[in-house]
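Please look through the sequence and the structure shown here. The report below goes through a few local features, one topic at a time.

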Amino acid sequence: MSFTLKGTIGKLNPPAKIFLLQDGNFNDFAILHNGAFELKGTVDAPQYTMLLLVPSGKLNDAYTGPSIDRTFFFLGEGSTFFHSADSLKNAKITGAKLTTEYENLQALLQPINNKMQALMAQYPAAPEQQSPELMKRLEAQKEALTQERNQQTETFIKANPESYVSLDALQRMGGPIPQYAKIAPLYNALSPTIRNSQDGRAYGARLQVIKAAIIGTQHPDDPAVKLAVERYEEGQEKILSEKRELQNEERNKQRAAYIKANPNSYESLEALKEMAGPVPDYAKVMPLYNVLAPAVKNTPEGKAYGQMLENIKVVSVGAQAPNFTQNTPDGKEVSLADYRGKYVLVDFWASWCGPCRAENPNLTKVYNEYKNRNFDILGVSLDDEKDRAKWLRAIKDDQLAWTQVSDLKGRSNEVATRYFVQAIPQNFLVGPTGKIVATNLRGDDLKATLARYIK
């Protein structure tokens, strides 16, 4: 289905760009002229997604700036319009039927969301202030508001069975492990068109997994249900990961072809940055950087990017991993050299990093499988001194069994600086001789890489 996104955001002009998030990537963008922009494309099925405004036109700046100017909406067939006098986040969104339905749901939930926000502000920040009586009262109020929000969501779903917004709302209400007895009737009340959509079929399959798991137990919270869902999700994530990888490879081939065909264009430098992402692979990116014409490489941005690539060369695959020593939470000094003779994954993370925390369960699975096979993990935290308690809490909550160190200097962590860590999570797999054998390993990539090296 074809879509058109049009709008006017203030009086912005080039190099300002609007980026569209699709399938987890910012594939398309539009340049603003006197605030106006237009994006056209196709989508297989309606999806909840995001527009991102970057005044500099450089996508990487969106990750490092003080604030992110973005808005969320439903992308579907037809035209959607965005208008604001100052910023994208304040834009009024009109046009497509899905947009109206989504806005209607938000209006329905807004009073409850306001109450929830006010309630969350009452939670004490310090653990010593969290008395059992206070926490019990706040949790009871939170549960009551959650139930009220779910009831309003149910009302919307029943009144809009032919809306993709209802399917999305049902998934959000159900959470990671939906209560089958409550969610299945609402799912079955959706129209055949919605249930037979790609996302509808996937959610129906998840419900069937839960239904099969609760047969014989009649307990929706039984650990067997959680295990069944986790196994199902692992299989689905593997399929999606492979699909995303193929899509990324194809996009990167197109970017590389553009760079080679347009070495004199500044846009080729931007394409290279987008292709490389926040954690560039030196071996892949440097040859393309060298394709750029001197006029492009000699711009301030070109020089800075070239210097950054030279910096990360010392921590690229094949280089000797820089040694370091930092302290554990109890003050014990730990050195990378202590791990000589085995494979060690140097993992940079922080308690405040959502993607890092999301990756920790995968690290735990890999650690448990390989910890007795000449493999270990050394965690390096980018938390700072004021967040020391949060760091320790995250270690406990995420059940991280491997050694953790930090100098508690936040993003200025000395080890992160030496390894030129620009974004987290980031990791380096160091071999028995101290050389870096792989970088930036996630999910199945980490397990597959270890399987190649550790027999």
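## Two packed helices

Helix α9 passes helix α12 in a left-handed crossing. This comes from a predicted model. Two packed helices are described by the angle between their axes and the distance between the axes. Here α9 covers residues 266–276 and α12 covers residues 300–312; their axes come within 11 Å and cross at roughly 35°.

On the α9 side, the residues in contact are Tyr266, Leu269, Leu272, Lys273 and Ala276. They meet Glu301, Gly302 and Tyr305 of α12. Sorted by class, this contact has 5 nonpolar, 1 polar and 2 charged residues.

## Aromatic rings

A pair of aromatic rings is described by the distance of the centres and the angle of the planes. The count for this model is 16 aromatic pairs. One of them is formed by Phe73 and Phe82, with ring centres 5.2 Å apart and planes at 85°. Planes over 60 degrees apart count as edge-to-face, so the pair of Phe73 and Phe82 is edge-to-face.

Are these two residues buried or exposed? Phe73 has a relative accessible area of 1%, and Phe82 has one of 0%. Buried means under 20%, so Phe73 is buried and Phe82 is buried. Elsewhere, Tyr48, Phe72, Phe74 and Tyr102 form one aromatic cluster.

## Charges over rings

Which residue has its charged end over the ring of Tyr48? It is Arg172, whose charged end is 4.4 Å from the centre of that ring. Tyr48 is also a member of the aromatic cluster described above.

A lysine takes part in another such arrangement. The charged end of Lys17 sits over the ring of Phe29, 4.2 Å from the ring centre.

## Cis peptide bonds

Pro14 and Pro15 are joined by a cis peptide bond, with omega about 15°. Pro15 lies in the loop between β1 (2–9) and β2 (17–22).

A cis peptide bond also joins Ile424 and Pro425, where omega is about 5°. Pro425 is found in the loop between α15 (414–418) and β14 (426–430).

## Positive phi angles

Asn34 is not a glycine, yet it has a positive phi of about 55°. Its place is in the loop between β3 (25–31) and β4 (36–42). With a relative accessible area of 45%, Asn34 is partly exposed.

Asn374 is not a glycine either, and its phi is positive, about 65°. The loop that holds Asn374 runs between α13 (354–370) and β12 (375–381). Asn374 counts as partly exposed, at 38% relative accessibility.

Notes. Residues are numbered from 1 along each chain as its sequence is written. This is a predicted model: local features need pLDDT of at least 70, side-chain atom pairs count only at pLDDT 80 or more; totals for chains, interfaces and linings use all residues. Side-chain values use heavy atoms; hydrogens and water are left out. Rings of Phe, Tyr and Trp (its six-membered ring) pair if their centres lie within 6.5 Å; planes under 30 degrees apart count as stacked, over 60 as edge-to-face and the rest as tilted. Buried means under 20% relative accessible area, exposed over 50%, partly exposed in between (1.4 Å probe, protein chains only). A charge sits over a ring if NZ of Lys or CZ of Arg is within 6 Å of the ring centre and within 35 degrees of the ring normal. Axes are lines fitted to C-alpha atoms, for helices over the stretch in contact, and angles run from 0 to 180 degrees between N-to-C directions. Helices (H or I, at least four residues) and strands (E, at least two) are DSSP runs, numbered from the N terminus. A crossing is left-handed if the near helix is turned anticlockwise from the far one by less than a right angle, and right-handed if clockwise. Contact means heavy atoms within 4.5 Å. Ala, Val, Leu, Ile, Met, Phe, Trp, Tyr, Cys and Pro count as nonpolar, Asp, Glu, Lys and Arg as charged, and the others, Gly among them, as polar.
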